[in-house]
Amino acid sequence: MHALTQNTTSARRLPGLRNIGVAVVAVALTATALYAGLREMRKAVPPAVVAAPMEMGHAERPALSADEERYAHALWKVHDQVRTAAVRMSFAGLSYKMGDIKKSELAARVEPITQNFKSALADATKLAPPASLEQLHAEYVGAIRDYEQASLEMRAGKGESDDHLITAQTKSERAATTLLKVGDALWPGEHKPN
Amino acid sequence: MKKQLALGLAAFGLLAGLGATTAQAQTVCSVWLVENSTFMGVPFGMFHPDRSFVQGSTNPRNNVNTVDLPVNVGVIKCGKDLILYDNGWNQTEYHKMTGTGHWSPLSKQIAQLGFDAKDVSKVIIGHGHWDHAGSLDEFPNAILYVQKEELRGIEWALNYPGHERIRAVNDSPGGCSRTPACGYTPKTMDQIYGKILRGKAVIVDGDLEIMPGVKIHAAHRAHTAGSQLLEVNTAIGKLMFGSDAYSSWEAIRDWEVANVQQTDSVQQFLAYEKCYKVTGGYQNCVAAHEPLSYSDKYPLTKNSWVGMNGARLAEITLAPGEQSRKK
């Protein structure tokens, strides 16, 4: 009986012991897993690269407001026209300088580009920028005017001299610089690292 | 027989002498590398697909998540000629948005080496992308060297009559989406045109030796339509600059593609091969965006220091008589 009682008691104690054992094993396994994980994480740290310190006073760019975003979205459509026309204009000049077209053909090549700029200018002047972007908008409109003037200048030349092309390119480069500045402010992800 | 032998020896001596003269005629150049800026935290796999990050991987090839990519510009002094290979870029708002670091105008960066921007005589662009050809206006006296095929490639995409995704300029504010001639801003193109218009450019059609020991090698479609490499003779042997055809030095070493843009992978490998052939291996291939630049892990660039705005410079090799410009 005693034995039976003892056995019965042992039998009753067994699930408790089993639980403790399982817990011990679980803790051990968890500790092992954690240790292994930490070890792997340490291994996964990128190899040390000689890194220079970031510049002092690096300022993050503030996000555009909703009104500014709306304006940026609207101007993008104009920007797309202007940018393509601008690159076409550079290539019209390049085609002449590379001997693909004669000077007499240059005016005809540029004529539709002038129309592109006129159309873009009309679209841009219809936009109402928020007060915070009025200056930027004025600069952008000025850039389109520069481009239009440059295209007219390219078409105007007579004779052998390329002076009018140089005058035109000076204007278009100024416009391109403004485009980059405005684009940089409104769509800084426009150009990805290449 | 003796007479024939003597004639043979004389001829041999003459040829050997000629060979020596040719070798001596090659200019020995000094070379520095300047970090024009650093693209921070770029996913490694985006840049170098075979090195894509695998969560939990213990393989050192795949356990690096992001990398900082320098934008390297070569500064090469050959006699009185001061040559730039590539010329960096300038978009300050972009820097703020992306956390791009270490940027300064390239003209100021080379001033740290004691060079005046007005004295830059030649700018060779490995290709015409905005981050490699974006500072031409800082070097008004320099003659630009650009491949004809680069211009043809852009023009082709500009005039392509088919699908709108195949275009020369970006069609979404989010970026270029790998369109065929993506990466050419109106300003970059206008400045290239401006140089050509003013007679300050050489449109290169294929290979061209621009001076003894300094040679342009066409590497068309190795990154863009008209990519070009630059071989430079130095005291440590030939160097080969590759711009984005050689974006990653590790990729050249391991024969893997990197920074795939308008890249034909076969042509990129042939460009790698050119470096192996000309320089005798991969050690002297100069990469544009190698994350290990300016460290012992990229030995060619290890002689480095930190300059303006945290950007690094490296003195790669000096011609005989040239004083160190390391500070």
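Me: Why is A:H164 called buried?
Reply: In this predicted model, A:H164 has a relative accessible area of 11%. Buried means under 20%, so A:H164 with its 11% is classed as buried. The residue is found in helix α5 of chain A, which covers residues 163-186.

Me: Which residues does A:H164 touch, leaving out those up to four places away in sequence?
Reply: They are A:K103, A:E153, A:M154, A:A156 and A:G157. Each of these has heavy atoms within 4.5 Å of A:H164.

Me: What makes the pairing of A:H164 with the backbone nitrogen of A:G157 a polar contact?
Reply: A polar atom of the A:H164 side chain lies 3.3 Å from that nitrogen, and the cut-off is within 3.5 Å.

Me: How do you know that the span of helix α2 of chain A is close to the expected one?
Reply: Helix α2 (residues 66-97) has 32 residues and reaches 46 Å from its first C-alpha to its last. The expectation at 1.5 Å a residue is likewise 46 Å.

Me: Where does α2(A) bend, and by how much?
Reply: The bend is at A:W76 and comes to about 30 degrees. Just after this helix, A:G99 takes a positive phi of about 85 degrees.

Me: What share of chain B is buried?
Reply: Of its 327 residues, 58% are buried, that is, under 20% relative accessible area. The secondary structure of chain B consists of eight helices and 13 strands.

Key. Residues numbered from 1 in each chain as written. Chains lettered and ligands numbered in written order. Predicted model: local features only at pLDDT ≥ 70, side-chain atom pairs only at ≥ 80, totals over all residues. Heavy atoms only, no water. Helix = DSSP H or I, 4+ residues; strand = E, 2+ residues; numbered from the N terminus. Buried < 20%, exposed > 50% of the residue type's maximum accessible area, 1.4 Å probe, protein only. Expected span 1.5 Å × (residues − 1). Bend = angle between axes of the 7 residues up to and from the residue. Polar contact = N/O pair within 3.5 Å; in protein donor to acceptor, adjacent residues only side chain to side chain.
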